[in-house]
Amino acid sequence: MQSRAIIIFLGGVGAIYVMLSVLLGGGNTIGALAQFLSVGSFILAVIQPRMALYLMVLYAGYSDLLKRMMVFDGHVTMNDIMWVRALCPLTLAGICIGTLVRSLHDGSLHHRRRLLSLLVCFLGFFVSGVSALRSGSGFNAAATQLADGAAYMFLLFVVPCIFRTPQQIVAFIKYCLIVFIPVALYGIKQQIFGLSEFEIEYLQSGLTVLSKHLDDVRPRPFSTLVDSSPFGTTCAVCACLALMVRRHHRDTGTRAWGGMSFVLFILFVVACLASMARIANINWLLPILLLPVLRSARGTAVLYATVVSMFVTACIFAQELINAVTRLTLWALENFGGTAIGVQFSRFWTICDRLDGMHDIAHNPLMWTMFGYGAKGASDLHDAHLVASHDLISNMLLEIGWLPLGILLIIAAVALQSFHRSVLRLRGTPVFSICLWMAGILFGLLVHNVFAGNVTSTFPVNFFCWFIAGALNACIIHQEGLRAQKRPSVHPAPQLSPPPLAHAGTVPFHRNLPYG
């Protein structure tokens, strides 16, 4: 009782100190609050990783709104912006440290798949770090790029350690969907009624790259997130997660979340459409259409072969596709361009930026160097209009060269083959359907990356992407554990047989034996 009273007393003193520091510090109130939240979230994450992961969902949905609300105070600096942006990376760092320490303590790290996942995370983080340092933008810029992007890869290891059963994963996904309902509703409100005054003021502050929306015929909605494209993609992913939850309850024989899942699916699809990020819609369409295909190894192989063929075809015939898209855009503008929203809907020629990069892959020899130009060299070539790249493959080819890219593609192909083989081994288990849903969502994000830029490097899409990959990894580990429990022992226990009875004549006489 005394220790609990001491903890409550110290917590109360700390809360009073934070309140006085925030109110009387003289700087931006929200920025000062973000400093304490960042440090406190890191400490909480080290002590309670699971609780911090729930907290991180709130940061994923609303930290950018917190950043925009700084304009109410009127004293906004880049230091304040930095602390708000640090909320999620510091919380994630604490979660990773706390999970790693706990896994070492309880011995679960020695599980083969968990250890392999951790090694993959470190390898991916190292490769991303080398690529970021080669950009020539300095250590601080490279660290920021890693914290906002590649760091979320560690969720592939963290999620299986925190959530050990599919039921825990589904419960967390339900929580995510509930948290992001206001995000979807606010984005729809922005599409119907426009941006609020404080959001316009933030766009005009010069503290964000979102000022580009002011040059548009009508600012596209971004809700509480960083931009319209991550908003649309996140809502598309949430729409599929809503249907996945419904499928889980059907497989377990319950009717919970039946109608609720459909309502949430419609809500998130409408929000995705409201974002005006057209390519984001493939992230809810593809998983629904491809679920039957992903059920077999042959169908999965044909699917990937089709994607590769489409990409190669787009590279070869990019100019013809650009001409066709331009004609379609002119027709749409003529018929639907009478309003601002009609103009935004009709601008299909934004696809031409991606097609320009694909065209250069097939027709521009400057794209093909062994080790690339680095990010700065690639930017210089862009500025000189010597090359074009707007998709993941052309960007990587330009920055790191064909040899590292080829090695990465081979590693990715091997990892995907192993990943799908593990999923197909779950056929006949209660988790097979929800694992197919997660595989479909990840495939949609992969296609989005290949054809329309690296969307999984933007927050919170990277959070959802790597959480889903980690959840899929957790389901596989859970089923492997159940199989190991049911598997009979390879070496049968030796049967003890009674010793043979000795003949009376062979027993030596011993004087001390009873009745001897």
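# Close-up views of the predicted model

**View A. Gln479 is found in helix 23.** Helices (DSSP runs of H or I, at least four residues) and strands (E, at least two) are numbered from the N terminus. The structure is a predicted model, in which local features need pLDDT of at least 70 and side-chain atom pairs count only at pLDDT 80 or more, while totals for chains, interfaces and linings use all residues. Residues are numbered from 1 along each chain as its sequence is written, and side-chain values use heavy atoms, with hydrogens and water left out. Gln479 counts as buried because its relative accessibility is 7%. Buried means under 20% relative accessible area, exposed means over 50%, and partly exposed lies in between (1.4 Å probe, protein chains only). Leaving aside neighbours within four places in sequence, Gln479 is in contact with Leu426, Thr429 and Val431. Contact here means heavy atoms within 4.5 Å.

**View B. Arg113 and Glu480 meet through their side chains in a salt bridge.** A salt bridge is a side-chain nitrogen of Lys or Arg within 4 Å of a carboxyl oxygen of Asp or Glu. For Arg113 and Glu480 the N to O distance is 3.9 Å. This pair links distant parts of the chain, with Arg113 in helix 6 (residues 112-134) and Glu480 in helix 23, 367 residues apart. Arg113 has a relative accessible area of 17%, so Arg113 is buried. Glu480 has 28% and is therefore partly exposed. By the salt-bridge rule, the count comes to four.

**View C. Lys67 and Asp64 form a salt bridge between their side chains.** The distance from N to O is 2.9 Å. Both residues lie in helix 3 (residues 49-68), three residues apart, which is about one turn of the helix. Lys67 and Asp64 are both buried.

**View D. Asp251 and Arg247 form a salt bridge between their side chains.** The N to O distance is 3.2 Å. Asp251 and Arg247 both belong to helix 12 and sit four residues apart, about one turn of the helix. With a relative accessibility of 29%, Asp251 counts as partly exposed. Arg247, with a relative accessible area of 27%, is also partly exposed.

**View E. Helix 15 (residues 297-316) packs with helix 16 (residues 318-336).** Two packed helices are described by the angle between their axes and the distance between the axes. For helix 15 and helix 16 the angle is about 80°, and the axes are 5 Å apart. That makes helix 15 roughly perpendicular to helix 16. The axes are lines fitted to C-alpha atoms, for helices over the stretch in contact, and the angles run from 0 to 180 degrees between N-to-C directions. Under 35 degrees counts as roughly parallel, over 145 as roughly antiparallel, 65 to 115 as roughly perpendicular, and the rest as oblique. Ala314, Cys315 and Ile316 of helix 15 meet Ala318, Glu320 and Leu321 of helix 16.

**View F. Ser223 and Met276 are residues with a positive phi.** Most residues other than glycine have a negative phi, and most peptide bonds are trans. Ser223 is not a glycine, yet its phi is about 55°. Ser223 lies in the loop between helix 11 (197-203) and helix 12 (228-251). The relative accessible area of Ser223 is 0%, so Ser223 is buried. Met276 is not a glycine either, and its phi is about 65°. The loop that holds Met276 runs between helix 13 (258-274) and helix 14 (282-290). Met276 is buried because its relative accessibility is 10%.

**View G. Phe459 and Pro460 are joined by a cis peptide bond.** Its omega is about 5°. Pro460 is placed in the loop between helix 22 (432-452) and helix 23 (461-486).

**View H. A nonpolar patch on the surface includes Ile411.** The patch is formed by Trp368, Met370, Phe371, Trp402, Leu403, Ile407 and Ile411, which together have about 680 Å² of accessible area. Patches are made of residues with over 30% relative accessible area and no salt bridge; like charges are joined within 9 Å, and nonpolar side chains (Val, Leu, Ile, Met, Phe, Trp, Tyr) within 5 Å. Accessible areas come from the Shrake-Rupley method with a 1.4 Å probe, and for residues, only the protein chains shown count as cover. Ile411 is part of helix 21 (residues 402-424). At 45% relative accessibility, Ile411 is classed as partly exposed.

View I. Of its 516 residues, 46% count as buried. The protein exposes about 26500 Å², of which carbon and sulfur atoms supply 69%.
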